[in-house]
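Hi,

Here is the structure I said I would pass on. Have a look at it first, and my notes follow below.

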Amino acid sequence: MIFLKKIEAYGFKSFAEPTTLNFDFSMTGIVGPNGSGKSNINDAIMWALGEQSYKSLRGDSMDDIVFSGSSEKKPLNMAEVTLVFDNSNRAFSSLDYNEVSITRKFFKLTKESEYFINGSKVRLKDIQDIALETGLTKSSLAIISQGSISNFVESKPEDRRRLFDEAAGVARYKKRKEEAIRKLVRSQDNLDRLNDIINEIERKLPTLKRQSKKASTYKEFFEELKNIEVSVLVNDIKLYKQKIIEISEQKTELKIQISSLEKQISKKSEEFNGISQSSYDNERELSKLNKEFTKIVEKISELKVSRITLESNKSKVDIDNKEFRVSDLKNKSKELEIRLEAEEQKLAKLLNDKVEKREKLDQASSKRFELNQQLDGIRKHLAKTESSLEALLARKNSLDNLFEGVKNILENKNTLSGIIGTVQDLINVKKDHEVAISTVIQNGLQNIVVKSASDVKVSIEFLKNNKAGYATFLPLDNLKPSYINNETRFIIQKAKGFIGFGNELVNIEKKYQVVLDYLLSNYLVVDDYDNAVELSKVTNQKFHIVTLDGQRILPHGAIVGGSRKTKNVLLNDANQIQELEIIKKELDNKETLMSKEVTSLSVNIEILREELAEIQTSIGASRHSSELIEKEANEVKEEFRVITGKELNGGEQEFQSVDEQIIKIISEISEQETKKDEVQQQINVIRSLKDKSNERQNNLNSIINEDRGMLSSLKDKYSNLNSDGTLMFEKQSNATTRLAQNYNLTYEAALELNTSVVEKENEVRDRINYLRKEINLLGNVNLESIEEYEEENSRYQNYVEQTQDILDSIKNLKDAIGDMDQQMIIQFKKIIKDVNQVLPETFATLFGGGTASIIYTNPEDILNTGIDLKMSPPGKKIANLNLLSGGEKSMVALSVLFSILKVKPIPLVILDEVEAPLDIANVERFAKYIKTFTSNTQFMIVTHRMGTMENCDTLFGATMEQKGITKLVQIKLIEAKKLSNTN
Ligand SMILES: Nc1ncnc2c1ncn2[C@@H]1O[C@H](COP(=O)(O)OP(=O)(O)OP(=O)(O)O)[C@@H](O)[C@H]1O
């Protein structure tokens, strides 16, 4: 039988060249001088079949199996051996191929082996399994060296049984049993460990269960509380917000009313004061006129007394004198003429005064009209400015333009720490630089300035927890601006069109300057594009350059330009607010000044009107007196004509001196009377003015008082609204803080969560109080205990299940071991019995007579019993096996070996100089006996003995033509003889 068809080796030990050995016969002899590499063939077979012990391969390490070099050939780095087997009768039962090749490769570099079955890579275990299946292992019957033959007889019975174990196929069970026992020990260890753990968990579990139940109740209460309290808080906040808006609207309305009332009061007060001043002037004038009037009256009485005296003197002389009457008529006519003249003069003056006053009145009226028109324009402008300002302030305060994250941070500023404000709140940009700065700073305006990096951490946590958006923070203690060095600054400042460094063109409080330095110190502002390009070159394109109209040159030369559709709203608003505030102030001042002017003009117009009316009255009175005088003069003339028959002309000579005196006095009296009338008129005018002023002042006073009353009530209302607003704000802030602190929620986040509508509010609030009380009563709660309990409990259940599994597997293992023991006993007993049946004959054949048998050293314990040999070579009685000769020992061992082969044939047996100690006759017998097995077993025999060589079907000679390199060739017997003789 041919089982091993071919060996291919390369790099293995002395096979430095690719070597192939084809086996065409069932008994092959390998011959050659010592050290020529014959045994290396056995090693190659063992190694290819997965041998792991380098000692068994006669080396000190696995590296020793690779060709280590010779004087003529360099060492190799890898070894490879392939064995090709005939498997047509399925000796490898698990491999369904007629031919099976097994390859092993070893690489010195990695110290790794690779295995292949029919070219496919496999694991070592796969190789070992099939090797075990065919018995092709080092300890088996398959490879037998001279040493193992002699050991067989000399070894202890317990060691000796190994050969029978293998023959019985028990080795396989033993190996499996060892594995099962190892598993059993492991399982038992695991079981102990599991029991310990289970005990431990069982101790902890009841407490955890209690804690977990308490925590679950707490969670249930807390969830309900959260659900309803968040709803209540959200509703409250909604209400507060609504109220705050309403209050703010009412406040705005009240503010307008208050401001308008204040203006009205101020105007009226000014008018009142103006009137007081003119009343004072009038009073002084009146006192002056009264004094003058008294003087005139005194003068008139004096004159009248003088006249009466003169006339009484004259009437004594000529009382009935007709001439005296004529003279009197003449005097009377003269007096009337003078009076008429005086009256006409007075009238002329009054008419003149009237024209003047009218002109003044017209001028004042048109001036007032003009001023009122201007004032109207100013007021409209003011109203427009105020409404734009309000809209901008409202937009700024509403935070609507900000990013979500920034807005949320600012809204919750009070619950966070260290928030100073956005960059846009802190800076102030001149109008000229607005475009340039807004182009470069862009979203930086919404960066939030905070005190420290630790404050930033709190804010970021807040944003994360509430999913409230992103924001960029500028912590003052963490900013490290990169400043331009002095030398470069000097060059930049000299550049054409350079306007300034970004951080120096914007105003900010000194303590926040680092923010600007951080954002803008590397931005250079220039007047126009050409200068920007030039500056970029000069500075080696290192900095951001921006022109006043917003064109930008970036570091390394990229240019961003064009026109933007929208301005930067934030910066634009801030600047517009500032501008509008200045305009509003100017307009307010103008309006106050003009209002004053209009008020004073109105007072003047009123006075002029009253004066004009007085003048008109005086004119009427003067005209009337003239008419009366003319009438009297006509009567006098008539009387004179009646008495004298002549027309009245000059006076009489004889009465001239008295008459003249009287006429003079009359004239003087008339003059004084006129004066008196004039003064009286002036006094009347002033009195009437005074009365009107008083009336106006009284009137104003009551209006002002009424207005003040109203103002005070409006202010009270405003202050009430203010405190209502503060209260609402506080309530809102408390509710927001409660949301944040108790539930880690922002108002917006709560709004999204809040779906329930609070209907029976009182009941809900009672429920909240109840839940709070219950939660307090629960005391300390370990929330993690729920999860811990669940985990521990599931661990517990898991471990209990695992314990059951292990118990099941222990039982299975024990059963399997029992089965294997049973199987081993049966098989072992069978081989011993079978061998004992053929051993006597084999022994007698090899020894030429005698008897032999094998026995158990401990028949009670078949699994562990040793095997003893009992034999008697022909004519000898052997009590102690050690007394046998070396050749006899080999013969005994070979008898047993051949007996085993008879009852348990194996496909390949390698015999390595096992017959060396035999004499020529025994060698002959040995070789011939082998032949009887060759139909079931293939033999490879390494030998130096001629008897063996002669009986082999074919011979291979191992030589080392090249020093240190084995070469194998098929040879004839004669050549073999020569090769062996070279030994
Ligand atoms: N890794 C290796 N590289 C090169 N040569 C090796 C290597 N391992 C062993 N050898 C050589 O193999 C030879 C031993 O071969 P082997 O034992 O097969 O000889 P042998 O023909 O069986 O001799 P004997 O008849 O004395 O038993 C030695 O010469 C040894 O130097």
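**What I found**

Let me start with phenylalanine 85, which counts as buried because it has 24 C-beta neighbours inside 10 Å. (Buried here takes 20 or more other C-beta atoms within 10 Å of the residue's own, exposed takes 12 or fewer, partly exposed is in between, and C-beta atoms are placed from the backbone.) Phenylalanine 85 sits in strand β4, residues 78-86. Setting aside neighbours within four places in sequence, phenylalanine 85 is in contact with Phe3, Leu4, Lys5, Glu99 and Val100; contact means C-beta atoms, placed from the backbone, within 7 Å.

Before I go on, two housekeeping points. This is a predicted model, where local features need pLDDT of at least 70 and side-chain atom pairs count only at pLDDT 80 or more, while totals for chains, interfaces and linings use all residues. Residue numbers run from 1 along each chain as its sequence is written.

**Overall**

The protein has 23 helices and 24 strands, and 29% of its 983 residues count as buried. If you take the contacts between residues at least 6 apart in sequence, 76% of them join residues at least 24 apart. One example of residues brought together across the sequence is alanine 574 with glutamine 424: they are 150 residues apart along the chain, and their C-alpha atoms are separated by 7.8 Å. Alanine 574 belongs to helix α15, residues 569-644, and counts as partly exposed because it has 19 C-beta neighbours inside 10 Å.

**Around the ligand**

There are 16 residues around the ligand, and Lys13, Asn34, Gly35, Lys38 and Ser39 come nearest. A residue is near a molecule if its C-beta atom, placed from the backbone, lies within 6 Å of it. By type, the shell divides into 3 nonpolar, 10 polar and 3 charged residues. (Nonpolar is Ala, Val, Leu, Ile, Met, Phe, Trp, Tyr, Cys and Pro; charged is Asp, Glu, Lys and Arg; the others, Gly among them, are polar.)

UniProt, in an unreviewed entry, has a "binding site" annotation covering Pro33, Asn34, Gly35, Ser36, Gly37, Lys38, Ser39 and Asn40. UniProt positions are in the numbering used here, feature names are shortened, and annotations may be inferred rather than shown by experiment. Proline 33 lies in the loop between β3 (27-31) and α1 (39-48), and asparagine 34 is in the loop between β3 and α1 too. Proline 33 counts as partly exposed because 17 C-beta neighbours lie inside 10 Å, whereas asparagine 34 has 9 and so counts as exposed.

Helix α1 itself is mostly covered, with 9 of its 10 residues buried. Among the buried ones are Asn40, Ile41, Asn42, Asp43 and Trp47.

Just after α1, glycine 50 takes a positive phi of about 100°. Most residues other than glycine have a negative phi. Arginine 58 has a positive phi of about 65° although it is not a glycine. Arginine 58 is in the loop between α1 and β4 and counts as exposed because it has 12 C-beta neighbours inside 10 Å. Glutamine 541, also not a glycine, has a positive phi of about 55°. Glutamine 541 lies in the loop between α14 (529-538) and β16 (544-547), and its 15 C-beta neighbours inside 10 Å are why it counts as partly exposed.

**Helix packing**

The axes of α4 (residues 157-168) and α19 (residues 784-847) come within 9 Å and cross at roughly 105°. (Axes are lines fitted to C-alpha atoms, for helices over the stretch in contact, and angles run from 0 to 180 degrees between N-to-C directions.) That makes α4 roughly perpendicular to α19, a label used for 65 to 115 degrees; under 35 is roughly parallel, over 145 roughly antiparallel, and the rest oblique. On the α4 side, Phe164, Asp165, Ala167 and Ala168 meet Gln827, Phe828, Lys830, Ile831 and Ile832 in α19. The residues of this contact divide into 6 nonpolar, 1 polar and 2 charged.

Best wishes

Key: Helix = DSSP H or I, 4+ residues; strand = E, 2+ residues; numbered from the N terminus. Contact = placed C-beta atoms within 7 Å.
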